[in-house]
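Please read this briefing alongside the sequence and the 3D view.

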Protein chains: 2
Amino acid sequence: MEKIKIVLVDDHKIFRDGFRLLLQSFSYVEIIGEASNGQEFLDLLKTKVPEIVFMDINMPQVDGVEASRRAVEQFPDIKIIALTTFLDEDYLEKMLMAGVEAYMLKNSELDEFEKAIMKVYNGGNYFSDEIVSLLSDKLHRFRKRKKEQAVLPVFTEREKEIIALICKGYGNKEIAEKTFLSPKTVEKHKSNLFQKTNTFNTVNLVIYAFKNQLANL
Amino acid sequence: MEKIKIVLVDDHKIFRDGFRLLLQSFSYVEIIGEASNGQEFLDLLKTKVPEIVFMDINMPQVDGVEASRRAVEQFPDIKIIALTTFLDEDYLEKMLMAGVEAYMLKNSELDEFEKAIMKVYNGGNYFSDEIVSLLSDKLHRFRKRKKEQAVLPVFTEREKEIIALICKGYGNKEIAEKTFLSPKTVEKHKSNLFQKTNTFNTVNLVIYAFKNQLANL
DNA sequence: AATGAAAGTAGGGATTTCCCCCTTTCGGAA
DNA sequence: TTCCGAAAGGGGGAAATCCCTACTTTCATT
């Protein structure tokens, strides 16, 4: 049976040593290389291409986010498991956008690492509980923020219709044609909207609409 | 020891019966009520307030999304575990926005339900593996979409600066003040931007910028 | 040294937007 | 039935935006 080829990327030699020992308890994996920062890892890719990469995020020079992005760009089949010591929201988002398959804490249990490797190797994803909670909290906060500022004015059907058209980029004249109204009436609705939303011009109104989810991008 | 008060909401009596049996194997929970649709559940809340709700999503009249939204609004301490038979992305997003604490498939294993109850009861979250994968896939697709349409024009530093200011709602004059440029120069940069981005006016440019993540809301 | 891209400035004119002020119609609430 | 708000339509004028052309400077690459 072919072993799963794995590379470790972390700037602390001690951690790599410990982690290698940890992974050696799995007979089906083979550590084909190590790197102490993102640049070293990208160089390593020129000679050895792993199936799974355990990638630290905080690293000197080229960090885990940038290294992952570039690695995935060159080799779309590489699966990346992001490792972190702490829960940093900004990094979490960036790593997800960079195309990682899994995200877990360094101090996870042995069986969690095993689960992560198997899931990722079979085309799935793995996120440790703490990560999932963090993502969920983020959504909750977003929802709360929406509700708190929610003293949104009440819009009439016409106004909603016109906001939608404005947010598609149409000018007064075009909106008039599409709604079978006179351009002057459209202008009137718009200035009513300016008042209701405390905006000054069309651009402001568009930004307001997007911020308050009145229109979708 | 106080038992955890639970309510089941599902339009299929058969499912509720089966699920009640299932939950009865946990000695620490007490099912204080059932409802066959969202409206019935909201009425139930007037007399009995549970700690945890198992909420089906697809229901007649008032669906799970709307019922959850209203329940959380009235009783912010209620924890809702969304139940679904299938993986529907749209519903997933809506439920998350409605404020649910957990999201799992109806055909989950017994120990998964137990895990979900305990996590949620202790202020945490629970999402079954399939749900997490779905969310992750969504992110991946989003990332790919971004990359594919990525034939974005190259913007100069000035242009990026001006796009950012436009997207904050400033007019030509204000942008001129903030950048220490003449208003005419700002206009020039803007019309260059119109050409590069195939847009016709400021509103269009703003929409373009948001769509392509050139500015953040 | 030269070419060209990026940036800055400017004028003039067409077009659009914005801001008051005003009238009519219509349906629901007092 | 009266009254009010929403929707619709409009005029005039100020302001902002858009478009085109033209000139200067700077700076990097050839």
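Chain A has 10 helices and six strands; helices (H or I, at least four residues) and strands (E, at least two) are DSSP runs, numbered from the N terminus. This is a predicted model, in which local features need pLDDT of at least 70, side-chain atom pairs count only at pLDDT 80 or more, and totals for chains, interfaces and linings use all residues. Residues are numbered from 1 along each chain as its sequence is written, while chains are lettered from A and ligands numbered from 1 in the order in which they are written.

**Chain A overall**
- Of the 217 residues in chain A, 33% are buried (20 or more other C-beta atoms within 10 Å of a residue's own, with C-beta atoms placed from the backbone).
- Among contacts in chain A with a separation of 6 or more, 59% join residues 24 or more positions apart; a contact means that two C-beta atoms, placed from the backbone, lie within 7 Å.

**The sheet in chain B**
- An open, parallel sheet of six strands in chain B has the order E2-E1-E3-E4-E5-E6, where two strands pair if DSSP finds at least two bridges between them.
- Strands E2 (29-35) and E6 (126-127) of chain B are at the edges with a single partner strand each, so one side of each has no neighbour in the sheet.
- Strand E1 (residues 4-9) of chain B runs parallel to E2(B) and is joined to it by six bridges.
- Lys5(B) has Glu30(B) in E2(B) as its bridge partner.

**Nonpolar cores**
- The largest nonpolar core has 35 residues, and Ile81(B) and Ala102(B) have the most contacts inside it; such a core is a set of buried Ala, Val, Leu, Ile, Met, Phe, Trp, Tyr and Cys residues joined through C-beta atoms within 7 Å.
- E1(B) gives the most to this core, with five residues.
- Leaving out residues up to four places away in sequence, Ala102(B) touches residues including Ile81(B), Val120(B) and Phe127(B).
- A second, separate core has 33 residues, among them Ala35(A) and Val100(A).

**The surface near DNA strand D**
- Thr156(A), Ser182(A), Gly171(B), Asn172(B) and Asn201(B) come nearest of the 20 residues around DNA strand D; near means that the C-beta atom, placed from the backbone, lies within 6 Å of the strand.
- H9(B) supplies the most residues to this surface, five.
- By type, the surface has three nonpolar, eight polar and nine charged residues (Ala, Val, Leu, Ile, Met, Phe, Trp, Tyr, Cys and Pro count as nonpolar, Asp, Glu, Lys and Arg as charged, and the others, Gly among them, as polar).

Conventions: A residue is buried if 20 or more other C-beta atoms lie within 10 Å of its own, exposed if 12 or fewer, and partly exposed in between; C-beta atoms are placed from the backbone.
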